[in-house]
Amino acid sequence: MADVNILEKDLEHKTNYDGHHDDHHGDKYQSSFIDRYIFSQDHKTIAKQFLITGMIWAIIGAAMSIIFRLQLGFPGADMSWLQPLLGGWIQIDPVTGVGKLDPEFYYALVTMHGTIIVFFVLTAGLSGTFSNLLIPLQCGARDMASPMLNMLSYWFFFLAGAVLFISLFLNTGPFSGGWTGYPPLSGLPQASDGSKAGATLWILSLVFFVVSVLLGGINYITTVINMRTKGMHMFRMPLTIWAFLVTAILALLSFPVLASGFFMLTFDRVLGTSFFLNEIFVAGEALTTRVGGSAILFQHLFWFLGHPEVYIIILPSMGLVSEVLSVQCRKPIFGYKAMVFSILAIGLLSFLVWAHHMYMTGMNPFIANIFVIFTLIIAVPSAVKVFNWIATIWGGNVRLNSACLFSIGFVSMFISGGLTGVHLGNAAIDIQQHDTYFVVAHFHIVMGVAAFFGMFAGIYHWFPRMYGRFMNETLGKIHFWGTLVGAYMIFGPMHYLGMAGVPRRYYSFEGFESFNQFADLNEFITIAAILTFFCQILFVINFFYSIYKGRKQTELNPWGASTIEWTAPINAGHGNWEGDIPHVHRWPYDYGRHGRDFIPQTEPLSEGEVDGGH
Amino acid sequence: MGFTIGAICAILFTVFIVQVAKARELASIVRNDSAEQDEINKFQAGLGLVFLVSFMAICVWSFVHYIPTSMGWGPNIAASEHGPDVDYLFNLTLFFIFIVFVLTHIALFWFPWKFRGVQGKVGLYWAHNELLEIVWMVVPAVVMTFLVIGGLQAWNNIMLDFPEDEGYTSVAFPNEDSEKEFIEIEATGSQFLWYLRYPGRDGKLGTKYFTQINSNNQLGQTWTDEKNMDDFLVNEIVLPVNKPVRVRITARDVLHNFYIRDMRVKMDAVPGMPTYFIFTPTVTTDSMRRRLSNEPEWQVPDKNDDSKQRWETYKYELACAELCGKGHYSMKNIVTIVEEDEYLDWFDKQEGGKLNESVDSVTGNKTYVFEKGSVKSKYFSYFNTVTDEFNPLQEKTEPLEKIVENKLRVGLCMKSMKDWRNSSEEGTDDYVQAEEAMAKLKPLLKSARLYTVDQVDESYDNVKKSLLIVEAAMAQIQNTDSSDATLTIEKESEVENNEEVGK
């Protein structure tokens, strides 16, 4: 295991011994191709690995949503052209030749879409990328506390992905019981095809994923607590680091609960226990020995992770956006301490609201009282954050590049999606709205699209830090406007479906008079989804093209940011800084102070000057 | 073919966009104009304003456009007693959040325009303002408190179960003046259909256990429980308007969710853990159709039946709202809300049993022979195969059949009176007498409909006596032409007698 002290000594030695530096400067562990690019222990490389893997999964997950959107938008349309890709999942009518999506596979697609986007893209792809990239760079550390665990974190994530990918090719299909995987459906192989081998691999994959998150999380926390550079006390950390720290703590506390739920589920599936089963008659057989469990128990375990999970997803985006907005608006983030305390408050409250997903699940309805109160309390720190972001723009000198636009888009999405949460958090309203498209619209906007916007803002902003080049701004702006308008076109109309009571997870609405009134709206949503997907393709092209051919970064600090990640050399090698790690003397948001555009964190306070964070 | 052309066009379009973007970047590098970013800022901020205006306009327009299907508006007003509370809270919240939504969005897109970057300018060093921060912390907190209190009051009212120890009881048909009586039905989710069970005459659902399930007993009812004697399964939920209903919700295999959109009713069905939802339907299916008939979008021919308009075929629907497998989207049953009389008629039909008419070929007299079937025939067949040593419910089923027979006979009498009335001219003596007779028969019929086996002990004799008199009257009807005035008057007086005895 690479020890940082050794590394630092090694580095000094090397600097003395040859004056120039190259790309993999100072790392004796990165001599071969495999050590440098595959089993790399450099946090920057691992960040890129997380990002690119996340992007691949994002494309797969989004493509799946396009397929099931086709089913919803154009029910009855001939899907036989998808047969080369989906094979037997398209059932072709022997008489008419019309291909139909198999309902079982529809539910498998929905399940995989949720699992992939929530866990692989917005947890690993987002938090994994930026925690890895920014924690050492912004805290002033040569690498993570344990680069080895960090590497393992990525490879467990990779393994999780591989297992889930394999499950797509099973004869009985991938898991199809929804991303929440509620038993008994997920616990009984005889209840559905997807609950056979597909569910086993799904559980296995997510257990690997939990391992990955824990390895990463413990590393992030240790690094933030122990390895900040001199002068970087807690209230001098950028909000990104605060967000990553709280995210990692949430993950560390909540993911093991999910794992325990999965272990019990596996015991139910394999060993014949009945943690979650009780009085079940399925497939023509009464399971007489499987009594005494509670299906609700799994939901408690799941959502005890599941709710913190949505903050695990959104907090890193909040951190990234706070930082990007401040830098690109040339203004200190408004209410730094309020921002920090609202992150902490959200983190704490996120553990006290899980059962608001369960108002209508048969949980004792009077327990809901407590969860309604805590849920709506979360609106307060969230509102504080929103107002602070908006106040950050006020009086700025706003540089509207792609990163800044995506930050503004993030705030817009977070407002639009967050506000409908006020409906859903209120149990009485949830009677009607639970499991309708209103919920779909709400969580897609607030934790799906918003988190993606934060991620895009981060990618456009820190792309030079990762690759020493810039992404194409024109494509970035097309990407932004296309995604902003497209996302609202997809999820805006879903509110109206929800207000009419249309339930989610329906393969077809044709059997129901009340739900089948929106054929045109569903078609519109599907077309909007395809267009938005196309905009993301532009982003992917832009991303990979810019890695090799993008405009080169010439200045060390292209955005004029005061944080210390920009003091490290372009394309820095393992160890980040060549000489000593810079020391920090002030908070990270001295923009416009004393009439200067910005004052870097490394600049000592002048006499009598008070640090801005206090 | 079309797909290939589309794909090629998309690829060419992508290449075009990418090339343009590359060219613009190169041009910018070549120009090396440091003021270029100012122009970009202005353009992008302007786009932001355009987006702001169109976004807000589309939000308002689309809301107005979708009012006819939105909860609490137009025809989608809740059809249950608690429903309007839910709708009101939803729309109240919508009102508050819409204000916040508009104000924050105006700020969010107007500020970047107002403070768009200009080269050489320095941003304002404005890091915090305690007063401002306290204000925007307190205002949401106050609004939330307001919404939480309203929401929790509604929630606890809606979800409160009927307390068993305070005299609340489930009956076949709740009395007008009793506030503690309610109807209890049961819905059992199964892959992929609902089993809907009514408690029958006693108003009590019998026990069931999953190990008893077989092809003849889909719910696993335990046949040693006498409450099961009169339970019946239906394919359509029919309920009387304005009577409280407690739905007992259970599941056989996996999770399901009992969801009736128009009633604002939703609750998971959990295997091994019965849940419940209590609601009072307030709008009959017919009134709902009348309501819809005013809406232009419902005044179009029905898809399945051209002879009718869409509103004429509207039905409340029971759906499943918790993913339960590949047939999740198909778990539909019709829910019909009817007036009291219609409900009791429907209930009679479900209860089964019938009077078979036989005509004496010599005298022409009609007699009616009761055919059993008021309880599950399977139930009987089961006990017929069991030796007499174990037949605990034998004593109970006989009186049950008896009171069903009574009811049918009274009902037959009522029907004859109705026929008589209908065949008479309005205003004639016949007509008036028939009306009077019907008025007197009505309470008797109602009590005959709602007697339970438990009540038989105290009132069985009365019923029996009244039955004899009714049957005598019946015999007379059979022997005469219904338009024969003299005989029907005699019969009329007898009906009066039996009425007294019945009480």
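A residue is called buried here if 20 or more other C-beta atoms lie within 10 Å of its own. Please keep that cut-off in mind, and keep in mind as well that what I am showing is a predicted model.

With that definition we can look at strand β10 of chain B, residues 316-320, which is mostly covered, since 4 of its 5 residues are buried. Which strands does β10(B) pair with? One is strand β7 of chain B, residues 256-260, which pairs with β10(B) in the antiparallel sense over 3 bridges, and in that pairing Phe258(B) stands opposite Cys320(B). Another is strand β11 of chain B, residues 333-338, which also runs antiparallel to β10(B) and is joined to it by 3 bridges, with Glu317(B) standing opposite Ile334(B).

Let me step back to the domains. The domain assignment divides chain B into domain 1 (1-32), domain 2 (37-119), domain 3 (166-346) and domain 4 (352-502). The C-alpha centres of domain 2 and domain 3 of chain B lie 38 Å apart, and the contact between these domains takes 10 residues from domain 2 and 14 residues from domain 3. On the domain 2 side of that contact, the residues divide into 5 nonpolar, 4 polar and 1 charged.

Next comes the contact between the chains, to which chain B gives 97 residues and chain A gives 105 residues. The elements of chain B that contribute two or more residues include the helices α1 (2-31), α2 (36-65), α3 (83-114) and α4 (130-159), and we also meet β7 and β10 of chain B again among them. By class, the side of chain B that touches chain A has 56 nonpolar, 23 polar and 18 charged residues.

Is Phe263(A) buried or partly exposed? Phe263(A) is partly exposed, because 13 other C-beta atoms lie within 10 Å, whereas a buried residue would need 20 or more. The C-alpha atoms of Phe263(A) and Ile203(A) are separated by 8.6 Å, although these residues are 60 residues apart along the chain.

Finally, a word about confidence. The predictor gives the complex an ipTM of 0.92 and a pTM of 0.91, while chain B averages a pLDDT of 83, with 85% of the residues scoring at least 70. Over residues 480-503 of chain B, however, pLDDT stays under 50, and for this stretch the model has 40 contacts beyond four places in sequence.

Terms used:
Residues are numbered from 1 along each chain as its sequence is written. Chains are lettered from A and ligands numbered from 1 in the order in which they are written. This is a predicted model: local features need pLDDT of at least 70, side-chain atom pairs count only at pLDDT 80 or more; totals for chains, interfaces and linings use all residues. Domain bounds come from an automatic or database domain assignment. Two residues are in contact if their C-beta atoms, placed from the backbone, lie within 7 Å. Ala, Val, Leu, Ile, Met, Phe, Trp, Tyr, Cys and Pro count as nonpolar, Asp, Glu, Lys and Arg as charged, and the others, Gly among them, as polar. A residue is buried if 20 or more other C-beta atoms lie within 10 Å of its own, exposed if 12 or fewer, and partly exposed in between; C-beta atoms are placed from the backbone. Two strands pair if DSSP finds at least two bridges between them. pLDDT is the predictor's confidence in each residue, from 0 to 100.
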